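Please open the model in your viewer and keep the selection panel at hand.

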Amino acid sequence: MATFVDRYPEEASVVKATLVVSFLSLGIGALFGLVQALHRTGYLRILDSVDYYTVLTGHGVLLALVFTIFFLMGLFTWAVVQSLERPLPDIRLSWAWVGLTTTGAVFAAVAILAGLVPSIDMSADVLYTFYAPLMGHPLFYIGLAMFIVGTWLAGADWFLAYRDWRGDNPDERIPLQTFMVLTTMLMWYLATLGVAVSTVFFLIPWSFGWVETVNPLLTRTLFWFFGHPVVYFWLMPAYMLWYTVLPKLAGGRLFSDPLARVVFVLFLLLSTPVGIHHQYLDPGIAEGFKFIAMTNTMFLLLPSLLTAFTVVASIEHGARQRGGEGYIKWLGALPWRDPAFTGMALAGAMFAAGGFSGMINAGMNINYLIHNTLWVPGHFHLTVGTAVALTMMAGSYWLVPQLTGKRLYSRPIGLLQVVLWFVGMVLMSNAMHRGGLAGIPRRTAEPQYQNFEFSTMLGSVEEIQAGIALGGTLLFVSAVLFLFNILLSSIEDPIENPVDDSLPAPLSGASGSPVVLDNLRLWTAIAVVLVILAYTLPLAGIVGDAGVWGDVPGVPVWVSGNLDAALAALPEVIA
């Protein structure tokens with residue numbers, strides 16, 4: 001049977017192009033992660049601590065935004081085409097969004113990496129959370145704007161494909177993978193409004209000097225309007241693979257198509273009106289709005305718990321089809337030698353742990369204990385760094401052969417790679433969580449305060465540092481093994497049927513679920529109303545207190561050419 005590249009060669013080229021950008025970003029970002037882990041812990045310092053923040057920004061932007069979203073764009077293109085069983089309506093549009101997002105990512109990366117070259121008067125050391133008052137070079141914000149618009153065009157491409165399919169199939173239920181893509185993109189369109197407004201109307205004019213001041217709290221709130229739902233934008237591709245591919249790899253079928261649809265609808269409704277829970281310690285936002293955000297955030301546990309039930313039930317069904325028995329013994333019947341299965345399964349297990357630490361982040365009173373500590377990166381290395389990243393790497397072992405018509409170079413190397421990632425992340429995230437409980441700060445090259453000793457509840461600071469350094473090293477080795485395996489796979493000779501890419505029908509299909517689940521207009525309208533209710537009054541209060549443009553001049557981070565301006569502005573920013 002022909003593989004994806006045989007049936008849709010042009011679309012396969014588009015997907016491969018997005019994966020190339022994604023994997024290049026993974027390599028650079030992983031190297032930056034290793035540099036940070038060794039620098040913070042004091043084991044190896046090859047850069048000045050000033051340059052640490054350039055590396056930190058590059059690590060966050062290249063991995064959290066570029067690696068994940070380019071992989072998403074490739075996966076979603078594959079999913080729409082194969083589930084609708086038709087090519088994209090206009091391949092020129094597809095290449096247009098690939099070109100725009102790539103150019104935007106390159107602009108942002110150049111602005112960041114230039115910070116490592118003193119002779120270039122350019123920097124964007126504003127960290128991944130790029131709100132005011134830190135001011136990056138205009139090229140950074142322009143690149144971000146192009147990147148966001150590119151993702152919008154990608155979504156338009158997939159919606160046009162769906163429109164054509166709907167015209168030929170007026171009475172059919174939306175194929176599950178396309179349903180997942182469309183609901184995710186509707187959430188993305190809504191969520192990116194905040195960061196688009198912040199970037200285009202405030203940060204770009206401000207960085208060019210067209211406006212002299214900015215309202216930091218406003219840009220910060222608009223960032224987190226986008227900054228939390230972007231987590232689910234990363235997670236939805238992982239969910240798609242867990243729901244539709246993992247059961248097949250386990251030897252079974254998806255337990256329930258309707259439950260999967262409910263989960264994606266819930267994420268569309270609940271993802272965006274929760275961003276203020278990142279601002280519990282921000283003055284200028286009333287405590288009542290923060291409490292509402294906390295309550296909304298707790299509702300997000302529901303789709304995660306539904307996912308845990310459905311995916312585990314699907315895997316158990318697969319194990320029993322393979323002869324598994326008993327309450328626990330069926331786990332031994334699963335295909336643990338398959339790197340695609342093992343990687344996704346381990347990623348799902350780590351996501352459960354990340355969910356528990358996320359509940360701590362979401363609780364107003366408990367959050368105060370760990371806010372801005374090492375606990376926070378420990379949490380998102382479990383979620384984004386493992387649940388998402390490990391699933392994407394493991395999924396690549398099954399997806400790439402479909403796109404190239406070539407076999408995976410080495411399954412044993414793939415298996416070693418996913419296990420190494422899991423072990424490295426257990427060591428590093430565990431150490432980060434315990435360091436956070438001890439009050440060790442994040443986002444700093446020099447985490448040790450003068451004349452102060454951190455008190456740990458278990459182990460010692462030295463042991464925590466060793467865990468971070470060793471874990472970070474194992475993660476880097478794992479990333480290198482992954483890229484090595486994919487690179488060698490790409491130069492293999494083409495073969496017939498390099499992988500079984502068929503997906504079995506769910507045990508409980510869409511026909512048994514309410515048709516209203518496919519009413520995307522209804523769910524979008526409700527999502528918009530929820531966002532209006534959650535954000536109208538807080539934003540009105542912020543603007544009412546300091547005005548739209550605020551009164552803060554900002555702090556340029558490319559200090560080589562703006563040192564005087566930065567020093568002059570600092571007292572006013574602090575005040």
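Begin by selecting Val61, Leu65, Val66, Gly104, Ala105, Ala108, Gly143, Leu144 and Phe147, which line the second largest cavity. A cavity is, on a 1 Å grid over the protein atoms alone, a set of points where a 1.4 Å probe fits but cannot get out, and lining residues have an atom within 4 Å of a point. H3, helix H4 (91-113) and H5 are the elements that give two or more residues to this lining; helices here are DSSP runs (H or I, at least four residues), numbered from the N terminus. By class, the lining of the second largest cavity has seven nonpolar, two polar and no charged residues, where Ala, Val, Leu, Ile, Met, Phe, Trp, Tyr, Cys and Pro count as nonpolar, Asp, Glu, Lys and Arg as charged, and the others, Gly among them, as polar. The volume of the second largest cavity is about 40 Å³, a volume being the space filled by probe spheres set on the grid points, which are joined across faces, edges and corners.

Before moving on, note that this is a predicted model, in which local features need pLDDT of at least 70 and side-chain atom pairs count only at pLDDT 80 or more, while totals for chains, interfaces and linings use all residues. Residues are numbered from 1 along each chain as its sequence is written, and side-chain values use heavy atoms, with hydrogens and water left out.

Next, select Leu65, Ile69, Phe130, Leu144, Phe147, Ile148, Trp188, Val195 and Phe226, the lining of the largest cavity. Two or more residues of this lining come from each of H3, helix H5 (138-168) and H6, and H5 gives the most, with three residues. The largest cavity has a volume of about 60 Å³, and its lining divides into nine nonpolar, no polar and no charged residues.

Now turn to the second largest pocket, which holds about 580 Å³ of space; a pocket is an open set of points with protein on both sides within 12 Å along at least five of seven lines. Of its 30 lining residues, select those closest to its centre, namely Gln82, Ser83, Gln177, Leu503 and Pro504. H3 (49-84) and H6 (176-208) are among the helices that each supply at least two residues of the lining, and the largest share, five residues, comes from H3.

**Helix pairs**

Select H5 and H6 together: their axes come within 9 Å and cross at roughly 155 degrees, axes being lines fitted to C-alpha atoms, over the stretch in contact, and angles running from 0 to 180 degrees between N-to-C directions. The crossing therefore makes H5 roughly antiparallel to H6, a term for angles over 145 degrees. The contact of H5 with H6 divides into 23 nonpolar, six polar and no charged residues.

For a second pair, select helix H2 (residues 9-41) and helix H17 (residues 461-490), whose axes come within 9 Å and cross at roughly 160 degrees. H2 is therefore roughly antiparallel to H17. By class, their contact has 14 nonpolar, five polar and one charged residues.

**A loop residue**

Finally, select Thr456, in the loop between helix H16 (411-437) and H17. Which residues is Thr456 in contact with, leaving aside its neighbours within four places in sequence? They are Ala438, Val461 and Ile464, contact meaning heavy atoms within 4.5 Å.

Conventions
Angles under 35 degrees count as roughly parallel, over 145 as roughly antiparallel, 65 to 115 as roughly perpendicular and the rest as oblique.
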